[in-house]
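Walk through this model from its overall fold down to single residues. Keep the sequence and the 3D view side by side.

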Amino acid sequence: MRRKDPEDEAFRRFAESAIPAMGRLAYLLCGDGHTADDLVQASLIKLHRAWRRIDPPVGVDAYVRTVLLRCWLDEQRKPWRRRESRDGVVPDLPDDLADPALVDWTSGDTEALRKALATLPALQRAAVVLRFYSQLSIAETAAALRCTEGTVKSRTARGLAALRAALSGTSEDLITMERRTDR
């Protein structure tokens with residue numbers, strides 16, 4: 001019989017508490033529930049491999065976001081993703097009651113915002129999601145994306161301009177987001 005490793009037990013507890021937040025962030029990055037689930041799973045596998053080297057009380061959230069972001073960016077680079085068509089009919093309906101913490105993406109404004117977010121290039125979308133959904137500072141976003149703060153500012157500004165154009169200025173949230181880019 002195998003003894004339980006306390007580090008494995010600590011990782012299991014961490015994973016159970018982190019999966020919902022990771023799923024929401026992954027969904028905002030990729031815009032697809034199944035791909036988001038795959039990203040969370042791949043991220044957890046990578047986190048488990050590095051768990052002994054991570055100091056859980058210090059910086060584990062930033063590490064988790066970075067791993068998830070890297071998994072998503074790696075997924076974007078795969079050639080088969082570029083050829084995949086996502087305009088088919090889905091035979092089953094989503095279960096709205098599966099996770100009450102998830103945002104109601106079926107309402108008018110949020111659905112339009114989600115679709116507009118899906119039109120952004122990967123790095124602009126990552127900058128906007130990290131800045132405004134995860135509420136990271138410019139410096140923290142730059143560290144997660146491994147770029148300069150100026151690059152984060154320009155990607156964020158371009159992403160917000162594209163969102164504004166896609167939504168035709170109908171969302172009040174964009175005005176609030178735009179004011180936060182100068183932090």
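**From fold to residues**

The protein chain has nine helices and zero strands. Helices (H or I, at least four residues) and strands (E, at least two) are DSSP runs, numbered from the N terminus. From the N terminus on, the elements read α-α-α-α-α-α-α-α-α.

This is a predicted model: local features need pLDDT of at least 70 and side-chain atom pairs count only at pLDDT 80 or more, while totals for chains, interfaces and linings use all residues. Residues are numbered from 1 along each chain as its sequence is written, and side-chain values use heavy atoms, with hydrogens and water left out.

Of the 183 residues of the protein chain, 36% count as buried. Buried means under 20% relative accessible area, exposed over 50%, and partly exposed in between (1.4 Å probe, protein chains only). Contact means heavy atoms within 4.5 Å. Take the contacts in the protein chain with a separation of 6 or more: residues 24 or more positions apart account for 63% of them.

Now the helix pairs. Two packed helices are described by the angle between their axes and the distance between the axes. Axes here are lines fitted to C-alpha atoms, for helices over the stretch in contact, and angles run from 0 to 180 degrees between N-to-C directions.

Start with helix α1 (residues 6–30) and helix α3 (residues 60–77). Their axes come within 11 Å and cross at roughly 45°. That makes α1 oblique to α3. Angles under 35 degrees count as roughly parallel, over 145 as roughly antiparallel, 65 to 115 as roughly perpendicular and the rest as oblique.

Is Ala-15 buried or exposed? Ala-15 is buried, with a relative accessible area of 9%. Ala-15 and His-48 are 33 residues apart in sequence, yet 9.2 Å apart in space, C-alpha to C-alpha.

Move on to α6 (122–133) and α7 (138–145). They pack at an angle of about 140°, with their axes 10 Å apart. α6 and α7 are therefore oblique to each other. Their crossing is right-handed. Ala-126, Ala-127, Leu-130 and Arg-131 in α6 meet Ile-138, Thr-141, Ala-144 and Leu-145 in α7.

Two loop residues deserve a look. Gln-135 lies in the loop between α6 and α7. Gln-135 has a positive phi of about 55° although it is not a glycine. At 58% relative accessibility, Gln-135 counts as exposed. Arg-146 is found in the loop between α7 and α8. Phi of Arg-146 is near 55°, again positive in a residue other than glycine. Arg-146 counts as exposed, at 65% relative accessibility.

Finish in helix α8 (residues 149–167), where Arg-155 is found. Which side chain of opposite charge is nearest to Arg-155? It is Glu-149, 13 Å away. Arg-155 is buried yet has no salt bridge, meaning a side-chain nitrogen of Lys or Arg within 4 Å of a carboxyl oxygen of Asp or Glu. For charge, Lys and Arg count as positive and Asp and Glu as negative; His and the chain ends are not counted. Leaving aside neighbours within four places in sequence, Arg-155 is in contact with Leu-123, Gln-124, Ala-127, Leu-145 and Cys-147.

Conventions
Left-handed = near helix turned anticlockwise from the far one by under 90°.
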